[in-house]
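My entries follow in the order I made them.

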Amino acid sequence: MNRLPPGELAMLRTVRADSPEAEQLRNAAYAELNKVLKGARPQEYGIALRALSATKDNSQFTPVTIYSAKMDDGNLIELAVSPEKLAEALMIDVDVAWNWLRFVQHEVAVPAKPKTSLKYPRVGIRSQAVLDKVLDAWRELVARRSWADDPAGEGIGEEQAPAVLDVARVEKAAEDAGFDLTPAREGNWLVFRSSAFSAVLGVLAQAGDDYRVGFSDAVWGQKVAWDCGAEAPPDAGRWVAIVDPVCGYDALHAMLQRAGRLAHLLAGEAARQFAAEVEGLPTTTEAERLVVQRVGQDIFRKSLINYWQGRCAVTGLNLVPLLRASHIKPWKLCESDAERLDVFNGLLLAPHLDALFDGGWISFDESGKALVCSELSLEQRAVLGVQPTWRLADVTDLHRNFLAWHRRGDLRKMKPLPRRWHRLPMLCENPARLQGQRNQRIQRVPRSPPRARGAGCSDRMDGIHRERPSSLETAVIAWKTIKP
C-alpha cells in the first residue's frame, strides 16, 4: 500500500471500520482512488472521494464513496459508485462507466445492496486479492478512458477494448502548447481551448494507437497538417478540418505542439508583441520612426521563421541566417500595424528570391506557381537562375489576398514601361541552350575600312556580322516586347 501523509491518516481514523482488516483495505483503496479523485470528505461510515465539476465553477461532487462499516455480511469494504458522476469526473461516456461498474461487480467482486437514499450501486470487496483486482481494473479505466461490455467475464487486458488516449499525457501536452483552459468532453472528443486565442482543437481516440485531431479553423488545421506531413480535408461536422489518422502518441504530441504555436501566430501575437515593445517610443523624427520599424521587422521575421519552420518558402533552404523576411505588401504601404505584422503578408525567402520578389521582378499566382516579369529577358533569367519549378511550398487564401495586390504591379508603378506576368516554364525552358544557338550564328569577319560619315548602313559593326534571326529567335524577341 502507498504510504499516506500523517494528515490523511488522521482523517481516515475518524471514519468507523468494522475491523482492522477493513480499515487496512479502506486505506489502500483510498490511496489509489485519491490519485485521480483529488478530494475527500470523511463521513461516519465511509470516506467520500470528491471531484471538481467541469460545468459549474468551484463546485464538487462525489463519484465514489468507500465504506468500511455497516455493510453486507462478508464484505470488508464496499465502494458506492455513481456511474453518471464518475463519467463526468473522468470525462468518459456514461455507458463506459456502467460497463466498468458491471464488470467489477460481477466478474471481480460481488454486488452489494445500496444503503442510502441515493441508492448508488455498490461493489462488495471481501479480501485483499479482490481489492487488488478491483484497483487493477480502476487503473485500466483511468488509462484507457474506455471499457467494453464484457458479460462473458473474459477479464481485462488484451481482450478488453483496444488501448486509446492516455488522457493525462495529452492534457499535459496540450497545456504546454498553450491550451490552458480546462479540457471539456463533447461525446467521445476531448476538447482543448486557450485564453490566448479562439481556435479550438479536439482529440478522439481510436482503436490501437491511432487518433483523430479536429480543428475549428480550416487554414489553421491544413497548415498544421502540412507541417506534420499529413492532410486535413474539410469536414461538415463539428470540426471544419480533421486529420485522420494520427499514428502514435509521439505524432499526436508533435501535432499538438505545432497547433498551439501556429494558433498564437494566427491570433495576432506579433501585433500584440509589437504594440507592447514600442509603447512609449517617440516617433516624431525619421530616425525615431526607423527604430520603431526595425522593432516591428524583427518581430515579423521571427513570425515568418516560425510559420515556415526556418525554410525558404520556395527552395526549402534551411540556413536561417541567410533567409529574408520579405513583405508582400511593403511596410510603408500597409494601412495598420496588424497588416504590417500579418504572417500572411510575408514570405521567408532566400536572398536572391527576396531581391527579385521585393523588386517586383517575380510574383506567384493563385496556386503558388512562380510568375516572371516580362521586362526580365531570357538571358537575364538564366544568369539569375530563375527556375521553371519555382513555386510556394504552401499558399492559403489569406496569402492569395496579398499576392493579388503584389501582382497588380504597385511596387513598380512609377516605371514608364508596362509589364506583363508570364508563367514558368517560359517559352524556352532552357535559356542557356537558346543563348548557345545564337552564339553559333555569330561569325567574325575581317574588320573593313571605316566608311565616310553619312554613307549607307552596314551589316558589319566592329568586325561582327550578324545573320538574320531564325523564326524561333523572332518569336522570342516578339514575346519579350509584348505590350498590353
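**Entry 1**

I started with Lys70, which counts as exposed because its relative accessibility is 53%. The cut-offs I used are under 20% relative accessible area for buried, over 50% for exposed and partly exposed in between, with a 1.4 Å probe and protein chains only. This is a predicted model, so I kept local features at pLDDT of at least 70 and side-chain atom pairs at pLDDT 80 or more, while totals for chains, interfaces and linings use all residues. Residues are numbered from 1 along each chain as its sequence is written, and side-chain values use heavy atoms, with hydrogens and water left out.

Lys70 sits in the loop between strand 3 (60-67) and strand 4 (77-81). Helices (H or I, at least four residues) and strands (E, at least two) are DSSP runs, numbered from the N terminus. I looked up phi of Lys70 and found a positive value near 55°, in a residue other than glycine.

Gln309 also has a positive phi, near 55°, and is not a glycine. I placed Gln309 in the loop between helix 10 and strand 12. Its relative accessible area is 42%, so Gln309 is partly exposed.

Next I checked for cis peptides. The bond from Asp244 to Pro245 is cis, with omega near 0°. Pro245 belongs to strand 11 (residues 241-247).

**Entry 2: aromatic pairs**

How many aromatic pairs does the structure hold? I noted nine. The rings are those of Phe, Tyr and Trp (its six-membered ring), and they pair if their centres lie within 6.5 Å; planes under 30 degrees apart are stacked, over 60 edge-to-face and the rest tilted.

I looked up Phe274 and Trp331. Their ring centres are 6.0 Å apart and their planes stand at 85°, so I logged the pair as edge-to-face. Phe274 is in helix 9 (residues 269-278) and Trp331 in the loop between strand 12 (324-327) and helix 11 (337-340), so this pair ties together parts 57 residues apart in sequence. Phe274 is buried because its relative accessibility is 3%. Trp331 is buried too, with a relative accessible area of 12%.

Then I took Tyr307 and Phe344. This pair is edge-to-face, with 5.6 Å centre to centre and 75° between the planes. Tyr307 lies in helix 10 (residues 286-307) and Phe344 in the loop between helix 11 and strand 13 (346-349), so the pair links distant parts of the chain, 37 residues apart. I found both Tyr307 and Phe344 buried.

I also noted a cluster: ring pairs link Phe179, Phe192 and Phe197.

**Entry 3: charges over rings**

Which residue lies over the face of Tyr307? I found Lys223 there, at 4.2 Å from the ring centre. My test asks for NZ of Lys or CZ of Arg within 6 Å of the ring centre and within 35 degrees of the ring normal. Arg122 lies over the face of Tyr67, at 3.9 Å from the ring centre.

**Entry 4: salt bridges**

I listed 22 salt bridges in the structure. The criterion is a side-chain nitrogen of Lys or Arg within 4 Å of a carboxyl oxygen of Asp or Glu.

I looked at two bridges inside helices. Lys172 and Asp176 meet at 3.0 Å, N to O. They are four residues apart in helix 6 (residues 167-176), a separation of about one helical turn. Lys172 is partly exposed at 46% relative accessible area, and Asp176 is partly exposed at 48%.

The side chains of Asp337 and Arg340 form a salt bridge at 2.8 Å, N to O. Both residues lie in helix 11, three residues apart, about one turn of the helix. Asp337 is partly exposed, at 36% relative accessibility, whereas Arg340 is buried, at 17%.

I then checked Glu366 and Arg407, a salt bridge whose closest N and O atoms are 2.7 Å apart. Glu366 lies in the loop between strand 14 (362-364) and strand 15 (370-373) and Arg407 in helix 14 (residues 397-407), so the bridge ties together parts 41 residues apart in sequence. Glu366 is partly exposed, with a relative accessible area of 39%.
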